[in-house]
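Thanks for making time this morning. I would like to walk through one model with you, so please have the sequence and the coordinates open while I talk.

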Amino acid sequence: MASGGGHWEQMMLLRSAFEGTQITFVTTLEGLGERAGLESVHIVPDCNRHEPLRAALCAAKLLVLLLKIRPHVLVSTGALPGVLAMMLARRMRTRTIWIDSIANAEEPSMAGRQAKRHATEWLSQWPEVALREGGRYEGSVL
């Protein structure tokens, strides 16, 4: 799960890590999957903390997708739609992995702070942030 923009770009850089597995991508912008040459891409509404109704709609669509797909692992690079997906997936006993944005060199992103409570694994792309936040550093995507 990755919102559009930089979150999606970082997820695309991680694609090779998932080779040999059945993977479904979820994002918030139409056309991103086609441009990346992906076949299995679902679109959910984008939302932010100032749009509670859109967030509820996004969560509802994510729940339907999660119930349909039943993933073994959910990986997200952000933003709020990714947090919502993680919250729902954890309640379904799905392993969740959050990879906080490379843009957050000093502290976790706002979404990353929320995701930390729902992540089986919480990764930062900055070693200092990972250490300070109790997460892990496994390198950077960019």
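In this predicted model, the charged end of Lys116 sits over the ring of Trp122, at 5.7 Å from the ring centre. Trp122 belongs to strand E5, where Trp98 stands opposite it, and that brings me to the sheet.

The sheet is open and is made of three strands in the order E3-E4-E5, with parallel pairing. Its edges are strand E3, residues 73-76, and strand E5, residues 121-123, each of which pairs on one side only. Between strand E4, which covers residues 95-99, and E5, the parallel pairing runs over three bridges. If direction is ignored, neighbouring strands of this sheet are turned against each other by 10° on average. Helix H4 lies across E3 and E4, and it runs at about 160° to E4.

Let me turn to the packing. In soluble globular proteins, nonpolar side chains tend to be buried together. Here the largest nonpolar core has 22 residues, and Val44, Leu62, Leu84 and Trp98 are those with the most contacts inside it. Helix H3 (52-69), helix H4 (80-91) and helix H5 (110-115) each supply at least two residues of this core, and the largest share, six residues, comes from H3. Apart from this core lies another one, of 14 residues, which includes Ala2, Leu38, Ile97 and Leu123. Which residues does Leu84 touch, not counting those up to four places away in sequence? Leu84 touches Cys47, Ala55, Cys58, Ala59 and Leu62.

Next come the aromatic rings, of which the structure holds one pair. The partners are Trp8 and Phe25, and because their ring centres are 6.0 Å apart and their planes stand at 70°, the pair counts as edge-to-face. The pair links distant parts of the chain, since Trp8 is in helix H1 and Phe25 is in strand E1 (residues 25-27), 17 residues apart. Are these two residues buried or exposed? Trp8 is buried, with a relative accessible area of 2%, and Phe25 is buried as well, with a relative accessible area of 7%.

Finally, a word on Gly5, which is found in the segment before helix H1 (6-14). Gly5 has a relative accessibility of 39% and therefore counts as partly exposed. Its C-alpha atom is separated by 9.9 Å from that of Thr27, although Gly5 and Thr27 are 22 residues apart along the chain.

Note on methods:
Residues are numbered from 1 along each chain as its sequence is written. This is a predicted model: local features need pLDDT of at least 70, side-chain atom pairs count only at pLDDT 80 or more; totals for chains, interfaces and linings use all residues. Side-chain values use heavy atoms; hydrogens and water are left out. A nonpolar core is a set of buried Ala, Val, Leu, Ile, Met, Phe, Trp, Tyr and Cys residues joined through side-chain atoms within 4.5 Å. Buried means under 20% relative accessible area, exposed over 50%, partly exposed in between (1.4 Å probe, protein chains only). Helices (H or I, at least four residues) and strands (E, at least two) are DSSP runs, numbered from the N terminus. Contact means heavy atoms within 4.5 Å. Rings of Phe, Tyr and Trp (its six-membered ring) pair if their centres lie within 6.5 Å; planes under 30 degrees apart count as stacked, over 60 as edge-to-face and the rest as tilted. A charge sits over a ring if NZ of Lys or CZ of Arg is within 6 Å of the ring centre and within 35 degrees of the ring normal. Two strands pair if DSSP finds at least two bridges between them. Axes are lines fitted to C-alpha atoms, for helices over the stretch in contact, and angles run from 0 to 180 degrees between N-to-C directions.
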